[in-house]
Amino acid sequence: MKGTYLLIGCICLIACAVMPAQALTAKALTVNLDTSGNAQINFQYDLTFAEQAAIFFNIANPSNELKNALESNLNEPVTVTKADSSSADVTIPSFATVSQNNGTETITSPAFSFVNAQNQIQQQWWAGINSVDMTPGMTTITFPDGYQSVYYNQISFPSVTHQIG
């Protein structure tokens with residue numbers, strides 16, 4: 001009986017060793033701005049098998065880890081309403097700047113980039129066995145009046161200014 005378990009264990013180890021490298025891959029980023037400049041953000045991604053297992057077994061708490069990483073980089077409080085194995089929903093207050101001039105309201109989203117996030121992930125001990133691609137396939141920034149700026153396969157995004165009404 002012990003020989004059977006040993007054989008099954010060896011087969012599992014060999015299967016893991018020859019599996020192709022899996023990756024953390026950004027799929028889509030959606031930023032919805034309100035009239036106060038607050039942002040509701042949805043980030044969709046694919047996780048590696050190991051990361052999915054860590055979440056499934058609650059080894060890692062993705063909500064807390066995401067909240068801590070964002071707050072330390074933005075120096076602002078954020079609210080993570082959901083973070084699971086395929087997406088995260090985050091609220092960032094005062095993400096965009098709102099200004100008034102002659103009765104016209106202008107909202108300006110900040111320039112932002114995932115380059116630092118990708119570099120930080122690549123510094124992790126497990127980075128050598130996984131590839132990381134923090135470049136969303138599609139990024140959409142939506143203003144309160146429905147105006148959108150859409151970017152494809154970019155890791156950095158310019159500031160966008162839009163006049164409302």
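Guide: A salt bridge is a side-chain nitrogen of Lys or Arg within 4 Å of a carboxyl oxygen of Asp or Glu. Keep that cut-off in mind; this model is predicted.

Visitor: How many salt bridges does a search of the whole structure find?

Guide: The search finds 2 salt bridges.

Visitor: Why is the contact between K27 and D46 called a salt bridge?

Guide: The N to O distance between their side chains is 3.7 Å. The cut-off is 4 Å, so the pair qualifies.

Visitor: What does the pair K27 and D46 tie together?

Guide: K27 lies in strand β1 (residues 23–33), and D46 lies in strand β2 (residues 39–46). The pair therefore ties together parts that are 19 residues apart in sequence.

Visitor: What makes D84 and K82 a salt bridge?

Guide: Their closest N and O atoms are 3.8 Å apart. That is within 4 Å, so the pair passes. D84 is partly exposed at 27%, and K82 is partly exposed at 33%.

Visitor: How do you know that Y152 is exposed?

Guide: Exposed means over 50% relative accessible area. Y152 has 55%, so Y152 is exposed. Y152 lies in strand β10 (residues 148–152).

Visitor: Which residues form a nonpolar patch on the surface with Y152?

Guide: M138 and V150 do. Together, the three residues M138, V150 and Y152 have about 280 Å² of accessible area.

Note on methods
Residues are numbered from 1 along each chain as its sequence is written. This is a predicted model: local features need pLDDT of at least 70, side-chain atom pairs count only at pLDDT 80 or more; totals for chains, interfaces and linings use all residues. Side-chain values use heavy atoms; hydrogens and water are left out. Patches are made of residues with over 30% relative accessible area and no salt bridge: like charges are joined within 9 Å, nonpolar side chains (Val, Leu, Ile, Met, Phe, Trp, Tyr) within 5 Å. Accessible areas come from the Shrake-Rupley method with a 1.4 Å probe; for residues, only the protein chains shown count as cover. Helices (H or I, at least four residues) and strands (E, at least two) are DSSP runs, numbered from the N terminus. Buried means under 20% relative accessible area, exposed over 50%, partly exposed in between (1.4 Å probe, protein chains only).
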